[in-house]
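Thanks for coming. I will take a few minutes to walk through one model, starting with salt bridges and ending at an interface.

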Amino acid sequence: MLEIRDLHARVEGKDILRGVSLTVKRGEVHAIMGPNGSGKSTLAKVLAGHPSYEVTSGEVLFDGKNLLELEPDERARGGVFLAFQYPVEIPGVSNAQFLRLAYNEKRKHLGEEELDPLEFKDLLKERAQIVEMDAGLMSRSVNEGFSGGEKKRNEILQMAVLEPKLAVLDETDSGLDIDALRIVSEGVNKLRHADNAIVLVTHYQRLLNYIVPDYVHVLYKGRIVRSGGKELALALEEKGYDWIKDEAEESQPSAASA
Amino acid sequence: MSSIELLTNKEYKYGFVTDIESDMIPRGLSEETIRLISEKKNEPEFMLDFRLKAYRNWLKMEEPQRWPNITYPKVDYQDIIYYSAPKQKPTLASMDEVDPELIKTFEKLGIPLTEQKQLANVAVDAVFDSVSVATTYKEKLKKHGVIFCSFSEAVHEYPELIKKYLGTVVPTNDNYFAALNSAVFTDGSFVFIPKGVRCPMELSTYFRINNSESGQFERTLIIAEENSHVSYLEGCTAPKFDKNQLHAAVVELVALDDAEIKYSTVQNWYAGDEEGKGGIYNFVTKRGACRGRNSKISWTQVETGSAITWKYPSCILQGDNSIGEFYSVALTNHAQQADTGTKMIHIGKNTRSNIVSKGISAGKSNNSYRGLVKVLAGAEGARNYTQCDSLLIGDKCGANTFPYIEVSNNTAKVEHEATTSRISEEQLFYLRQRGISQEDAVSLIINGFCKDVFRELPMEFAVEAQRLLGMKLEGSVG
C-alpha cells in the first residue's frame with residue numbers, strides 16, 4: 001500500500017530525512033521509534049504533504065500512485081490520514097461542522113451522496129463511542145479549550161469518521177495520562193483491520209503495550225537503522241537508544257559527522 | 001515556509017451601468033445648488049432652512065483627514081453632481097409605472113420590485129442615485145400603522161414627524177460629512193413604527209449609485225415609538241468606475257420606552273481595482289438614540305466594499321436600562337482602507353453596551369477599529385463589554401485598534417479585549433489534511449472568526465454575508 005524509497009527531505013534548509021525506505025502492506029501496523037530529532041515527525045508530515053517540508057529526492061508510492069505530486073487535501077481524500085501531535089484550534093467552527101465538511105469531501109470524492117446535518121449527527125454519535133467522546137465536545141469549536149487528552153481523542157475520532165486506508169499517528173501518546181492512553185489505544189485497535197494500515201510514530205514503548213505493532217523501525221539521523229518485530233521496542237525500553245546510536249555510527253560514520 | 005498569498009478578488013458582479021435618461025443639475029455646490037435641490041423636490045420652507053443652516057455650518061468646518069487612519073486625495077466638492085434622478089413620472093400609482101429599466105436593474109441586483117416577484121416578508125425601498133424609485137408592501141404595512149416610504153414622500157405626507165425628529169440625533173453641525181449630507185441630501189427612507197406595534201416584516205432599503213459623476217447623499221430616519229419593534233436591513237452596490245464617488249449618508253434612529261430597533265447593513269459598494277483605482281468613499285454617520293427606558297438599538301454591519309470606509313454607528317444610551325449593541329465584520333482587501341467602529345455614550349442608569357468587532361485584512365489593505373465608550377457621571381451601574389479581533393491574511397496588510405474609554409462614574413464596569421491573529425499555515429494544513437480544499441479551508445476559518453457577528457444577522461442576510469466574504473477572498477493561496 002505504501003512504499004517509501006530512499007526519501008530525502010529538508011525543512012528550513014536543514015536536511016532531516018537522509019534516505020528512508022519503508023514498505024507498509026495492507027493490514028499491518030508499523031511503529032517508527034527513535035530519539036528526539038531523528039526525523040520521526042518529519043516523516044509523518046512529509047507523507048501528509050506539509051508545505052514547509054521539501055522533498056529533495058526519493059519517492060513515495062501510495063496504492064501504486066506517486067503520493068508526492070498530490071496536494072495535501074488530495075492525499076487526504078485518497079485515504080491518507082495524519083493524527084497530529086499538536087492538533088490545531090479553529091475558533092468559531094464547531095467540531096461537528098468541521099467533521100461533516102471533511103466527511104462529505106470524502107464522500108464526494110467517492111461519488112457518494114453528501115450527508116445532511118441530521119444524518120451525520122447519527123453517524124457521529126456512533127463513532128464517538130469508539131473514543132468515549134462526550135457529545136458536548138461536538139458543538140464546541142474545533143480543539144478550542146480541549147484538554148490534551150480531549151485533543152488526542154478528537155484526532156482518533158476524526159480517524160474513525162474518515163476511515164482512512166493509511167493512518168499515520170504522530171506521537172498520539174504524548175501528554176496522555178494512563179486512562180486517556182488506554183481509551184485512545186483501544187479506539188485505534190477498534191479501527192485496525194485487514195484493509196487498512198497504521199504507522200505509529202512514538203518515542204516511548206508504552207503505547208506499544210496497547211497497540212501491538214507487527215514491525216518496529218528505529219529512525220536515527222534521518223535513516224532507518226534497525227527494523228524488527230515488537231521485541232525490538234522492548235529492547236529499546238530496556239537499554240535506551242544509546243546502543244542503537246553507537247551501532248549506527250560505527251556502520252555509517254558519515255551520518256555522525258553531518 | 002510557504003507564505004499565504006493574497007486571494008484575489010473575484011470579479012465584482014454588480015459593476016454594470018444602467019443606461020437611463022437622468023434629470024441632473026449642473027455640477028458644483030453653492031446656496032443656489034441647495035435652493036435648486038429643495039425646489040426640485042418641492043420642499044416646504046422648513047426643509048430649505050434646515051439645508052441652508054447645515055450648508056453654512058459645513059463651510060466653516062474642516063474635513064476630518066488628520067485623525068482617521070486613512071489617506072486619500074482631496075475631494076473636489078465642486079466637481080460633484082448633487083442631484084441626479086432617473087426621468088420618470090412624478091407620482092406613481094403602482095409599481096407597473098416604474099421604468100422597466102429600473103425594475104430590470106434591481107432584479108439584476110437580486111431585488112425584485114414587481115408585485116408578482118416581491119420578496120416574501122421583506123418590504124423594500126429602492127434608491128437609485130438621488131431618489132427613491134419604488135417602495136414595496138407600503139399598503140400592507142400601513143394597515144398595521146407602520147409608515148415605510150421614501151424620505152421625500154415623508155417630508156410631504158408627515159412633515160410634523162420630520163420636523164420633530166430630523167437632525168435631533170445627528171445635528172447639522174455634527175461633523176463635516178453629516179453637515180454636507182444635511183445640506184444636499186436628496187432622498188432616503190423613512191420608517192415610523194407606532195406605539196405597541198411589532199413590525200410584521202423586515203424593512204429594507206437598497207441603495208444603488210449609477211451615475212459616475214454624482215455622489216449619493218441619502219438620509220434615513222427610523223422612529224420606534226413606545227413598546228414597538230422593527231428590524232431594518234440595508235444593502236448597497238455601485239457600478240465600476242475609475243473615478244472615486246462620494247457616498248455621505250446620515251442615519252438617525254430614535255427608540256422610545258421599551259422599543260427595539262435592529263439595524264443591519266451588508267455593504268458591498270464597488271471597492272476599486274487591485275491598485276486602488278476607483279471605488280466609493282463611504283463617509284457615513286449613523287447614530288441611534290435610546291431615548292426611552294429599557295429601549296434597545298442594535299447595529300450589525302458587514303462591510304466588504306468601498307475604497308474607503310469611515311463610519312462609526314453609535315448609540316446614545318439616554319433612557320435608564322437602555323441597551324446599545326454593535327456587531328461588525330469589516331473586510332478589506334487589495335488597497336481598501338477602513339476606519340470603522342462605534343461610540344457608546346452611557347447617560348442613563350444601568351445602561352449596557354456590547355461591542356463585537358471583527359476586522360479581516362488582506363492584500364495591502366489597512367483596517368482600523370476605532371471605538372469610544374463614554375460613561376457620564378449620572379450613568380450609575382453602566383456596563384460595557386468590548387471585544388475587538390483582527391485577522392490578517394498575508395503580510396502586507398495592516399490592522400489597528402484604537403479604543404477610547406472615558407469613565408466618569410465609579411460604579412461603571414468597562415471591559416475591553418483585543419486579539420490579533422493570522423490564518424496560520426498550520427490551520428490550513430490541518431483542514432487540508434482532512435480533505436478540505438484550500439479555498440474552503442480559508443472560508444471556514446473566516447466564517448468561524450465572524451460567527452459572533454453573523455448570528456446577529458437575519459437568516460437570509462447571514463447566508464448572503466458568508467457568500468460575499470468567500471467571494472471577496474476567493475482565489476489561490478501559495
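**Salt bridges and the A–B interface**

A:E89 and A:K151 form a salt bridge, with their closest N and O atoms 3.6 Å apart. Please keep in mind that this is a predicted model. The pair links distant parts of the chain, 62 residues apart: A:E89 is in the loop between β6 (80-83) and β7 (90-94) of chain A, and A:K151 is in helix α5 of chain A. How exposed are the two partners? A:E89 has 32% relative accessibility, so it counts as partly exposed. A:K151 has a relative accessible area of 18% and is buried, because the cut-off for buried is under 20%.

Let me stay with helix α5 of chain A for a moment. The helix covers residues 148-162, which is 15 residues. At 1.5 Å a residue it should span 21 Å, and its end C-alpha atoms are 22 Å apart, so the two values agree. Is the helix mostly covered or mostly open? Mostly covered: 13 of the 15 residues of α5(A) are buried. Following α5(A) comes A:E163, which has a positive phi, near 45°.

A:K165 pairs with A:D63, and the closest N and O atoms are 3.1 Å apart. A:K165 lies in the loop between α5 and β9 (166-170) of chain A, while A:D63 lies in the loop between β4 (53-62) and β5 (65-66) of chain A, so this pair ties together parts that are 102 residues apart in sequence. A:D63, at 32% relative accessibility, counts as partly exposed. A:K165, at 33%, also counts as partly exposed.

Now to the second chain. Which side chain of chain B meets A:E155 in a salt bridge? That of B:R434, at 2.6 Å from N to O. B:R434 lies in the loop between α8 and α9 of chain B, and A:E155 in helix α5 of chain A, so the pair joins two chains. Both B:R434 and A:E155 are buried. There is also a network, in which salt bridges that share partners join A:E71, A:D73, A:R77 and B:R432.

Counting between chain B and chain A gives three salt bridges. Over all chains, the structure holds 38 salt bridges. Polar contacts across the interface of chain B and chain A come to 13 residue pairs, both residues at pLDDT 80 or more.

Which elements give two or more residues to the side of chain B that touches chain A? They are α8 (425-433) and α9 (438-449) of chain B. Of the elements, α8(B) gives the most, with eight residues. By type, the residues on that side of chain B divide into eight nonpolar, seven polar and six charged.

Last, the extent of the interface. In contact are 21 residues of chain B and 33 residues of chain A. Chain B and chain A bury about 2,300 Å² between them, with 63% of it on carbon and sulfur atoms. Which three residues supply more than any other three of the area that chain B buries against chain A? They are B:F429, B:Y430 and B:R434, which supply 33% of that area.

Conventions
Residues numbered from 1 in each chain as written. Chains lettered and ligands numbered in written order. Predicted model: local features only at pLDDT ≥ 70, side-chain atom pairs only at ≥ 80, totals over all residues. Heavy atoms only, no water. Helix = DSSP H or I, 4+ residues; strand = E, 2+ residues; numbered from the N terminus. Expected span 1.5 Å × (residues − 1). Buried < 20%, exposed > 50% of the residue type's maximum accessible area, 1.4 Å probe, protein only. Contact = heavy atoms within 4.5 Å. Buried area = accessible area lost by both parts, 1.4 Å probe. Salt bridge = Lys/Arg side-chain N within 4 Å of Asp/Glu carboxyl O. Polar contact = N/O pair within 3.5 Å; in protein donor to acceptor, adjacent residues only side chain to side chain. Nonpolar A, V, L, I, M, F, W, Y, C, P; charged D, E, K, R; others polar.
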